[in-house]
Amino acid sequence: MKSDTLIEAITQPNWLDAAGDALQPAVLQAYKAGGEPGKQLKNFLHGTWLGHPLHPVLTDVPIGAWTVAAVLDGLTLTGQRQLAPGADAAVAVGLVGALGAAVTGLTDWTGTTKKKRRLGLVHALLNISATALYATSFALRRQQGSRGAAIGLSMAGYGISSFSAYLGGHLVFSQQVGVDHTATSVQYPQDFVAVLPDAELAENTMRRVQAGQVPVLLARKNGEIFALAHTCSHLGGPLSEGELLPDGSVRCPWHGSVFSLADGRVLAGPATEPQPTLEVRVTAGQIEVRRQS
Ligand code: FES
């Protein structure tokens, strides 16, 4: 079966939408109920502080640990029983890592919609299944005479988590979840180009303009003009349709990421990558921009 056909089949069931409709607002509400600490925790779990999504960093822990466990379990079956404690420890490390991967993944999933959300949910359910198998395996490893069953469960978990990792890769590489949607900023003009008459940008307003082929967000705040990439780095939302905030930042209309107008810094996730900023000047009544030199 071709990869696209497989993904289509996996994301077809209607109950995935119903489950997403119920779970996604509940998770967001839980963070919101936590007030400022809840907001800080959400930003931390997205990886806003890291400049990169935190989830893929943590997924390496269970995948790596459980790969080690699979190898050591295989060797114990060939008679090298002294390796059994190492295999058990690797299963335990993977379980701890899976917890971190689950929490960060769930947080990132709150910013997805449609097919991405359905696929993310399948990815999560598979990971929960794999983790449950490993947790049962870990418990059995402590019981006399149950090692064979424990290894069997671990191997089943390994197969499921490997397939789930493939779906996670599809979410990133095909669906572009977690990638920087401003990575094409190299196309911004090297020389200043006029984008709008100065008189057409009122105080406390934002406008979408074109700098050559590339859309740019212009904003005027406290008399100063700012220019940022118009496409949100998170999932490509149109920043000019968002909100210009009193503190000199802009909120994306899609999932609420907040960026500083002055330097593009991420002030609130789910975005983890900053918005590229452009140089601005006013010449002969025209606002001009160019890429940062
Ligand atoms: S597209 Fe998600 S916060 Fe902007």
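Let me start where the domains meet: 12 residues of domain 1 are in contact with 9 residues of domain 2. Contact here means that the C-beta atoms of two residues, placed from the backbone, lie within 7 Å. Helix α3, residues 35–46, gives the largest share of domain 1's side, with 4 residues. Helices (H or I, at least four residues) and strands (E, at least two) are DSSP runs, numbered from the N terminus. By type, that side of domain 1 has 2 nonpolar, 7 polar and 3 charged residues. Nonpolar covers Ala, Val, Leu, Ile, Met, Phe, Trp, Tyr, Cys and Pro; charged covers Asp, Glu, Lys and Arg; the others, Gly among them, are polar.

A word on the source. This is a predicted model, where local features need pLDDT of at least 70, side-chain atom pairs count only at pLDDT 80 or more, and totals for chains, interfaces and linings use all residues. Residues are numbered from 1 along each chain as its sequence is written.

Now the layout. Domain 1 covers 3–173, and domain 2 covers 185–291. These bounds come from an automatic or database domain assignment. The C-alpha centres of the two domains are 37 Å apart.

Next, Gly178. You will find Gly178 in the loop between α7 (147–173) and β1 (193–197). Is Gly178 buried or exposed? Gly178 counts as buried, because 23 C-beta neighbours lie inside 10 Å. The cut-offs: buried means 20 or more other C-beta atoms within 10 Å of a residue's own, exposed means 12 or fewer, and partly exposed is in between, with C-beta atoms placed from the backbone. Leaving out residues up to four places away in sequence, Gly178 touches Pro53, Pro56, Asp108 and Val172. Val71 is 107 residues from Gly178 along the chain, and their C-alpha atoms are 31 Å apart.

On to the sheets. Two strands pair if DSSP finds at least two bridges between them. Axes are lines fitted to C-alpha atoms, for helices over the stretch in contact, and angles run from 0 to 180 degrees between N-to-C directions.

Look at the pairs. β1 is joined to β10, residues 286–291, by 4 bridges. Across that pairing, Ala194 stands opposite Glu288, and Val193 stands opposite Val289. β9 and β10 pair over 6 bridges, also antiparallel. There, Thr283 stands opposite Gln286. These two strands form a hairpin with 2 residues between them, and Ala284 in the turn has a positive phi of about 50°.

The other open sheet runs β2-β3-β4, 3 strands again, antiparallel. Its edge strands are β2 and β4, each pairing on one side only. The twist averages 30° from one strand to the next. Between β3 and β4 there are 6 bridges. Ala219 stands opposite Phe226 in β4.

Now the cores. Nonpolar side chains tend to be buried together in soluble globular proteins. A nonpolar core here is a set of buried Ala, Val, Leu, Ile, Met, Phe, Trp, Tyr and Cys residues joined through C-beta atoms within 7 Å. Which residues have the most contacts inside the largest core? They are Val216, Leu217, Leu218, Ala227 and Leu228, in a core of 27 residues. At least two core residues come from each of β2 (205–211), β3 (214–221), β4 (224–229), β7 (258–260) and β10. β3 supplies the largest share, 5 residues. Take Ala227: its contacts, beyond four places in sequence, include Val216, Leu278, Val280 and Val289. A second, separate core has 17 residues, among them Ala70, Leu133, Ala150 and Ile151.

Last, some backbone details. Gly269 and Pro270 are joined by a cis peptide bond, with omega about 20°. Pro270 sits in the loop between β8 (266–268) and β9. Asn204, in the loop between β1 and β2, is not a glycine, yet its phi is positive, near 65°. Asn204 counts as exposed, because it has 10 C-beta neighbours inside 10 Å. Asn222 lies in the loop between β3 and β4. Asn222 also has a positive phi, about 50°, without being a glycine. With 7 C-beta neighbours inside 10 Å, Asn222 counts as exposed.
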